[in-house]
Amino acid sequence: MADASDGAVGPGTNHLVLSDRMNPERVRLCYRLLTAPSVDPSEINVIQVSYTKSAEDIVAEWREHVGTLPANLYVVATQSSRGLNDESPVEENVTVVTAHPNDLTGLAMRLRDIVKEGLSDDRPLTVGFDSLTPLLEYNDVQSTYKFLHMFTGRLAEVNAVTHFHLDPNAFEDKTVHKLKTLVDQIHSLEE
């Protein structure tokens, strides 16, 4: 495991971004990691899990930071952050599903299905999980760790570039250290 100051991002790697939510560099790094395969962003499939942003917010961020949406964007959000109802139009290549952070089994099932769908067309797959904080607020460290261990292993097997956001100031050092063992690289934006 290395501190990612060298910026190396390759297929099948898992990254942990340590930063508070207010750091503007955090969002820029997120989109750099989501477009990591060095191909045209419109030629990748992306899964973004967010418990704080709506699908509309994520689409707006894509346009602001990347310019174009990915070939397929899968947004996993809670009902309250989804920002959509049954009558809201969703862009053709944007799929929104809901999952609550306290239901790790439901989240795992939804992610399994989305990963399978995201791999169906042989495009590179990237995954962003913003953030681990809600998971750790609703679930104990051990359950969260087991879920992430399974999830990161599966994504590494399919050569997805995956990153997770975490505010290290919100948790004990031992929790942050345990989560660091799940990733290949650490991106620390803390001063």
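**A loop, a helix and a sheet**

Analyst: Helices (H or I, at least four residues) and strands (E, at least two) are DSSP runs, numbered from the N terminus. A cis peptide bond joins Asp130 and Ser131, with omega about 10 degrees. The model is predicted, so to speak of local features needs pLDDT of at least 70, side-chain atom pairs count only at pLDDT 80 or more, and totals for chains, interfaces and linings use all residues. Residues are numbered from 1 along each chain as its sequence is written, and side-chain values use heavy atoms, leaving out hydrogens and water.

User: How many helices and strands does the protein have, and what percentage of its residues is buried?

Analyst: The protein has seven helices and eight strands. Buried means under 20% relative accessible area, exposed means over 50%, and partly exposed is in between (1.4 Å probe, protein chains only). Of the 191 residues in the protein, 52% are buried.

User: What span is expected for helix α6, and what does it reach?

Analyst: The expected span of a helix is 1.5 Å times one less than its number of residues. Helix α6 covers residues 141–157, which is 17 residues, and it reaches 24 Å from its first C-alpha to its last, close to the 24 Å expected. At the start of α6, a side-chain oxygen of Asp140 comes to within 3.0 Å of the backbone nitrogen of Gln142.

User: Which residues of α6 are buried, and why do they line one face?

Analyst: The buried residues of α6 are Thr144, Tyr145, Phe147, Leu148, Phe151, Thr152 and Leu155. Seen down the axis of α6, they fall within an arc of 165 degrees, so they line one face of the helix. The arc is that of the directions from the helix axis to the C-beta atoms. On the other side of α6, Lys146 and Glu157 are exposed.

User: What do the buried residues of α6 pack against?

Analyst: Contact means heavy atoms within 4.5 Å. The buried residues of α6 pack against β2 (14–18), α4 (104–118), β6 (125–130), α5 (132–138), β7 (161–166) and α7 (173–180).

User: Which residues of α7 are buried, and which are exposed?

Analyst: In α7, Thr175, Val176 and Leu179 are buried. They cover an arc of only 95 degrees around the axis, which puts them on the same side of α7. The face turned away from that buried side carries the exposed residues Asp173, Lys174 and His177. The cover over the buried residues of α7 includes β2, α5, α6 and β7.

User: How do I read a strand such as β2, and which of its residues are on each side?

Analyst: In a regular strand the side chains alternate between the two faces of the sheet. In β2, Asn14, Leu16 and Leu18 are on one side and His15 and Val17 on the other, and all are buried.

User: Which strands does β2 pair with, and in what sense?

Analyst: Two strands pair if DSSP finds at least two bridges between them. β2 and β7 pair in the parallel sense over five bridges, and the bridge partner of Val17 in β7 is His165. Four bridges join β2 to strand β8 (residues 185–188), and these two run parallel. In β8, Ile186 is the bridge partner of Leu16.

User: Is His163 buried or exposed, and what does its side chain contact?

Analyst: His163 is found in strand β7 and, at 0% relative accessibility, counts as buried. A polar contact is a pair of N or O atoms within 3.5 Å; within protein, one must be able to donate a hydrogen and the other to accept it, and residues adjacent in sequence count only if both atoms are side-chain atoms. The side chain of His163 makes such a contact with the side chain of His165 (3.2 Å). Leaving aside neighbours within four places in sequence, residues in contact with His163 include His15, Val17 and Phe129.

User: Where does Asn159 lie, and what is its phi?

Analyst: Asn159 lies in the loop between α6 and β7. Asn159 has a positive phi of about 65 degrees although it is not a glycine. With a relative accessible area of 48%, Asn159 is partly exposed.
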